[in-house]
Amino acid sequence: MEDNEKLKSLVEDELDRQRDENLTLKQYTNPVKIARYEKDIIQRLLRSQGYYAGAVEYRLKEDDKGVTYLLTPGPLYKVQKITFDVPDGFKMPRASTWPLREGRALVASNVLDTQDALKKYIQENACFYEVKLSYVAEVNHADHSATVSYRMEPSPSVNFGEIAVSGLTSVKEEYLRTKLGYEPGQCFNRARVDQARLNLLKTNLIARIETNIAQPENGRVDTSFSLQERNHRTRKAGIGYSTDEGIGLSLGWEHRNILGAGEKIEVGGRVSQVRRTVEGELTLPNFFRDDQSAILNGDLTKKELDAYDSLSAQTSFTIKRQFTDILSGSIGAQLKYSEVTDEGVTDEFGLVSFPFTLKLDTTDNLLDPRKGFILTAGVQPYIDTLETSRRFVKTTFSASTYLTADSFYWEPTLALRAATGTISGQSTDDIPADERFYVGGGGSVRGYPYQSLSRITDDDPFGGSSFNEVSVETRFRFSESWGAVLFVDGGFAFDDANLQPGEELKWGTGIGLRYFTFFAPIRFDVGVPLSPRDGVDDNFQLYISIGQAF
């Protein structure tokens with residue numbers, strides 16, 4: 001089979017998989033029985049790839065220490081005709097849209113994929129009560145051809161009837177009905193019922209749902225949802241540690257149904273060696289639209305950093321809209337009063353800003369993403385109400401992607417991240433110290449002290465008007481509970497707002513350990529600076545927190 005490397009590779013991969021996973025095969029010790037069993041596996045694989053006249057022979061090696069298989073695939077059987085037996089009047093899409101095509105090989109996976117695609121297409125474009133599909137594949141050995149016929153069992157075309165919701169104690173029924181996504185009289189679709197169930201769970205107000213789809217009656221199908229509410233109050237506590245920030249503690253409380261329609265109020269505080277924060281937030285879902293929410297936020301923060309000291313109070317109002325499952329955006333207004341001590345001088349600022357963000361997120365997990373990507377862009381104009389000539393605009397972009405090889409040992413994940421930003425309208429000296437860009441630390445460039453990667457003035461970081469950051473991390477998972485990472489981070493905050501290609505970054509590298517809990521991984525990272533600065537950087541930095549670094 002030297003002339004068919006693709007088929008040879010498929011056979012080798014399938015044998016490796018069967019030898020690892022097939023319990024029946026593992027029970028055999030007699031080489032002849034093993035060879036016969038594996039011969040059947042190879043023959044089934046050949047047929048699944050369209051080789052229905054293939055032959056397989058085996059030869060035992062000397063001393064029974066292995067086996068050699070001789071494969072003769074034979075002619076490739078191709079699909080001569082595809083037929084669809086579906087209800088009259090249903091319009092089929094072009095044949096070129098199906099995985100299985102006339103004139104191409106009779107590959108088993110394409111036959112099944114076409115059946116799944118056809119079922120999904122019918123469900124999305126018709127109102128049938130049930131969509132049950134079957135297929136028959138017939139091969140003709142005389143001319144090495146095949147005919148595949150798909151048939152749908154007869155089913156009535158119906159609409160949604162009454163929708164019953166029961167089991168509620170404190171959540172308003174009218175609020176949950178806005179999440180269902182369908183109404184009486186609309187075209188019946190089982191996928192809509194499944195999506196409605198998911199939408200109810202996404203409200204974070206429901207613990208359990210029992211769904212019932214009734215039998216058709218007079219062209220209508222009644223549906224019902226029996227719900228069990230979850231506890232709407234949660235107390236939260238957290239702890240973290242890093243050598244540059246010390247121990248960090250957080251406490252919080254939230255109520256996710258304060259007024260009966262999913263309104264959420266959160267209050268909490270965070271304390272560490274360098275900062276103390278008290279904050280509160282009220283979220284109003286369905287703000288004039290089902291896909292839109294309003295967020296009122298306020299906090300009081302005290303920071304004692306190497307770069308500056310500050311005491312600030314801010315409040316903001318934000319409208320967030322979920323355009324699609326993966327695309328969201330927000331716009332709002334923020335008022336912030338702060339007293340900032342920078343290089344021994346204390347200034348007051350009364351900043352009004354109007355933040356705007358867009359986010360595209362296809363990742364599979366918030367705290368431990370393994371697949372997908374995130375793109376984020378933000379623009380935030382500022383006006384100082386105490387000195388109206390001070391105006392500037394902060395612009396940021398970030399991107400991260402996650403690629404996981406599930407079939408490889410230890411399931412490695414390659415995580416990549418890049419971020420950049422610029423502040424225009426003022427020089428770095430005239431930008432409030434607590435609004436400049438800073439780089440370095442556990443969520444930035446590991447191995448360097450927190451916010452230390454910028455110009456150093458009087459032994460303290462000054463911050464910058466622009467920044468660049470990049471991170472490359474390879475994550476391994478040894479078991480259900482343990483994993484490890486290798487990482488390289490780079491970044492710096494620059495005085496010049498106009499970023500230039502090739503700006504020199506500071507680089508750090510290190511290793512980490514992960515302990516996976518039921519909700520998120522706990523990370524232990526040790527970072528080492530690759531370009532340590534005398535009197536500024538330590539030999540290493542340690543970070544302990546919940547969730548991946550990015």
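Modeller: Helices here are DSSP runs of H or I with at least four residues, numbered from the N terminus. By that count, Glu5 lies in helix 1, which covers residues 5–21. The model is a predicted one.

Now the disulfide. A search of the whole structure finds one. Its partners are Cys127 and Cys187, whose sulfur atoms are 1.8 Å apart. The link between Cys127 and Cys187 is left-handed, with -125° about the S-S bond. The pair joins distant parts of the chain, 60 residues apart. Cys127 sits in the loop between helix 4 (108–125) and strand 4 (133–140), while Cys187 sits in the loop between helix 5 (173–177) and helix 6 (190–202).

Buried means under 20% relative accessible area, and Cys127 is buried because its value is 16%. Cys187 has a relative accessibility of 27%, so Cys187 counts as partly exposed.

Glu5 belongs to a negative patch, together with Glu12, Asp13, Asp16 and Asp20. Glu5 is partly exposed, with a relative accessible area of 49%. The other patch is nonpolar and is formed by Tyr409, Trp410, Phe478, Trp482, Leu513, Tyr515 and Phe524, with about 740 Å² of accessible area together. Among them, Phe478 is in the loop between strand 23 (466–477) and strand 24 (482–494). Phe478 counts as partly exposed, at 40% relative accessibility.

Key
Residues are numbered from 1 along each chain as its sequence is written. This is a predicted model: local features need pLDDT of at least 70, side-chain atom pairs count only at pLDDT 80 or more; totals for chains, interfaces and linings use all residues. Side-chain values use heavy atoms; hydrogens and water are left out. Patches are made of residues with over 30% relative accessible area and no salt bridge: like charges are joined within 9 Å, nonpolar side chains (Val, Leu, Ile, Met, Phe, Trp, Tyr) within 5 Å. Accessible areas come from the Shrake-Rupley method with a 1.4 Å probe; for residues, only the protein chains shown count as cover. A salt bridge is a side-chain nitrogen of Lys or Arg within 4 Å of a carboxyl oxygen of Asp or Glu. Lys and Arg count as positive and Asp and Glu as negative; His and the chain ends are not counted. The place of a charge is taken as NZ of Lys, CZ of Arg, CG of Asp or CD of Glu. Helices (H or I, at least four residues) and strands (E, at least two) are DSSP runs, numbered from the N terminus. Buried means under 20% relative accessible area, exposed over 50%, partly exposed in between (1.4 Å probe, protein chains only). A disulfide is a pair of cysteine sulfur atoms within 2.5 Å.
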